[in-house]
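Work through the exercises below with the sequence and the model in view. Each task is followed by a solution in steps.

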Amino acid sequence: MQGYIVRRFLALIPTLIFASFIVFITVRLIPGNIIELMLSQNDVSASKQTRDQLEAALGLDTPIYIQYFKWMAGLLQGDLGKSLWTNTPVMEEILYRLPITFQLGMMALLVSLLVGIPIGVYAALKQDTVGDYLLRTLSILMLAIPGFWVGTLVMVFPAMWWGWSPSVRFVTFSQDPWGNFVQLLIPALILGKAFSAIIMRLTRTLMLEVLRQDYIRTARAKGLSVSTIVIRHALRNALIPVVTLVGLQAPLLFGGAVILEQIFVIPGMGLLLLEAVGTRDYPTITGVFLVIGVAVVIINLLVDLSYGFLDPKVRNR
Amino acid sequence: MTKPLLQVRNLTTRFGHGLGSVTAVNNVSFDVNAGETVAIVGESGSGKSITALSILRLVPEPPGKIVGGEILFDGLDLTKLPEEEMRAIRGNRIAMIFQEPMTSLNPSLTIGLQIAEPINLHMKMPWQKAYDKAKQLLDRVRMPDAKSRLSSHPHQFSGGMRQRIMIAMALACQPKLIIADEPTTALDVTVQAQILELLKELTRETGSSLILITHDLGVVARYADRVCVMYGGKIIETASAHDLYARPLHPYTRGLMASIPRLDQPPGVRLVPIKGQPPNLAQLPPGCSFNPRCGEVIDRCRRDVPELMHADEKHLHACWTSPHV
């Protein structure tokens, strides 16, 4: 088992090198470069000489592959470079923001599992009843409504009607755990909304499949109650594909976080990325993507490991 | 004479409703005495499995439903029992063994848990003790190395071993009645005999009654005390196993016997299969359901539905052509 985990981590390295290479190149291909942006803020008609000086100062005058190798050399020492604008180390910035996005993502994931799984089970048990139809319709609705739209409504309408709007001054967990939780709850609900709908539908389908199995009939023939049958006999077998889905959806959850952090002014990775793209802050963009890449790979590793827990056939292999 | 343990009276189970409905079990009546082994024999689709599931009220509902009759077990009418009381009987006083040992055990739970489960539930035994009992049960079904196998999962066992586990599970609460639905159909021939011997031996030890559902008349001859032959959802002949073999009265029963290969027949004697297909329960012919396939059919067979008639006290049949009509 340990050998397996080590091998998985080693396989991570080429993946990340390849990903970082692509990101490194593509961010520099975004139209409008940082030199123009910097100059436009101060002196629009800067001379060619000023340009070249600035370019050299930022280390952007060398060929792109040299820049890449320099960046890689830094990375091996845990250095992601410095922001081209603020000159703060990118690593420092990310380490401050990563926990916030992680917390938001985890809360969203938890919400979607806590909502999606029980409702999915309920809908499966009440297959083709009014309740089942209503819940399935609701889930389509949740999927269809975009999160940024709901987020905007939550910001705008309560303010218009009751003069209340979610706080935009961010409270960190260490300052006020409860305040922090409440502040992140609304974005987490919105972020988890679509995912909970997907989980609900998947859980329902899988439960229906499992409930038809012979071993469920065996469990009924033993005299077990419906709740014991569902919890002990059915759910575990139905949940294996749900876990896979969680692994696949984790990056999308982050994509949603980028937008919601912008709407709710949460200083997480998403907001950092958005600002960095806007200002063409290349080291920051590359750094954020690298960290996301690592996170996604680790989540998928955890998902694979959890199969062993859920499915004895995998464990014994 | 003491009252039978189980009395099934005019049991009728239907799937669907209205025009498309299918009567899978049609007016079936039989008794099972304490300690007795009763075989229910028939082709696929004859209603034998649905009869078994109806007794435990495990017919999937909807679409299935017990629409008539009584199932008297120990003085209780199971058809009228609330679901909760029915649950207290399932796995406790009536246990069931299913046909497919490969799929009838939960793949993600240890077999120890699966055997201990009814003990914990019905005998209110704490888990630790229930596991000890599960170990003893595995010993009784001759599972080698029972103690360490408690924590194994079903995929680590062969089909025969899994069926032993199913038997251990069925015996867990010392049920008065065990229903075995084609317990050996999915197994190798050599393993079939072992499983049936084991089942017979254990029911004899515990004094449990056994309903053995099978399509194998060879099994019936060796293990059953009495036999009910089912066709098209109805019992068409019932007798003691010995009597049925000596004197089959219904042409269908005779057809079943003629289609079994036998080693004591001279070579060159051809097997006689029953011609035609098993009946479509949604479109049964008028009169006797067997009449389109029957070689001895008379006019009355196409007109009147035969009900069970006595040939003698213990031997009943439903055929107009029999000399006992």
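**Exercise 1.** Decide whether Asp128(A) is buried or exposed.

Solution. The model is a predicted one. Step one: count the C-beta neighbours of Asp128(A) inside 10 Å, which gives 9. Step two: apply the cut-off, by which a residue with 12 or fewer is exposed. Asp128(A) therefore counts as exposed. Step four: check the backbone; the phi of Asp128(A) is positive, about 65°, although the residue is not a glycine. Most residues other than glycine have a negative phi.

**Exercise 2.** State how many residues of helix H1 (residues 48-55) of chain B are buried.

Solution. Step one: go through the buried residues of H1(B), among them Lys48(B), Ile50(B), Leu53(B) and Ile55(B). Step two: the count is eight of the eight, so the helix is largely enclosed by the rest of the structure. Step three: look past the helix to Arg57(B), which follows H1(B) and has a positive phi near 55°.

**Exercise 3.** Name the residues with the most contacts inside the largest nonpolar core.

Solution. Step one: take the largest nonpolar core, of 143 residues. Step two: the residues with the most contacts inside it are Ala168(B), Ile179(B) and Ile211(B). Step three: leaving out residues up to four places away in sequence, Ala168(B) touches Ile115(B), Leu137(B), Leu138(B), Arg140(B) and Val141(B).

Definitions and conventions:
Residues are numbered from 1 along each chain as its sequence is written. Chains are lettered from A and ligands numbered from 1 in the order in which they are written. This is a predicted model: local features need pLDDT of at least 70, side-chain atom pairs count only at pLDDT 80 or more; totals for chains, interfaces and linings use all residues. A nonpolar core is a set of buried Ala, Val, Leu, Ile, Met, Phe, Trp, Tyr and Cys residues joined through C-beta atoms within 7 Å. A residue is buried if 20 or more other C-beta atoms lie within 10 Å of its own, exposed if 12 or fewer, and partly exposed in between; C-beta atoms are placed from the backbone. Two residues are in contact if their C-beta atoms, placed from the backbone, lie within 7 Å. Helices (H or I, at least four residues) and strands (E, at least two) are DSSP runs, numbered from the N terminus.
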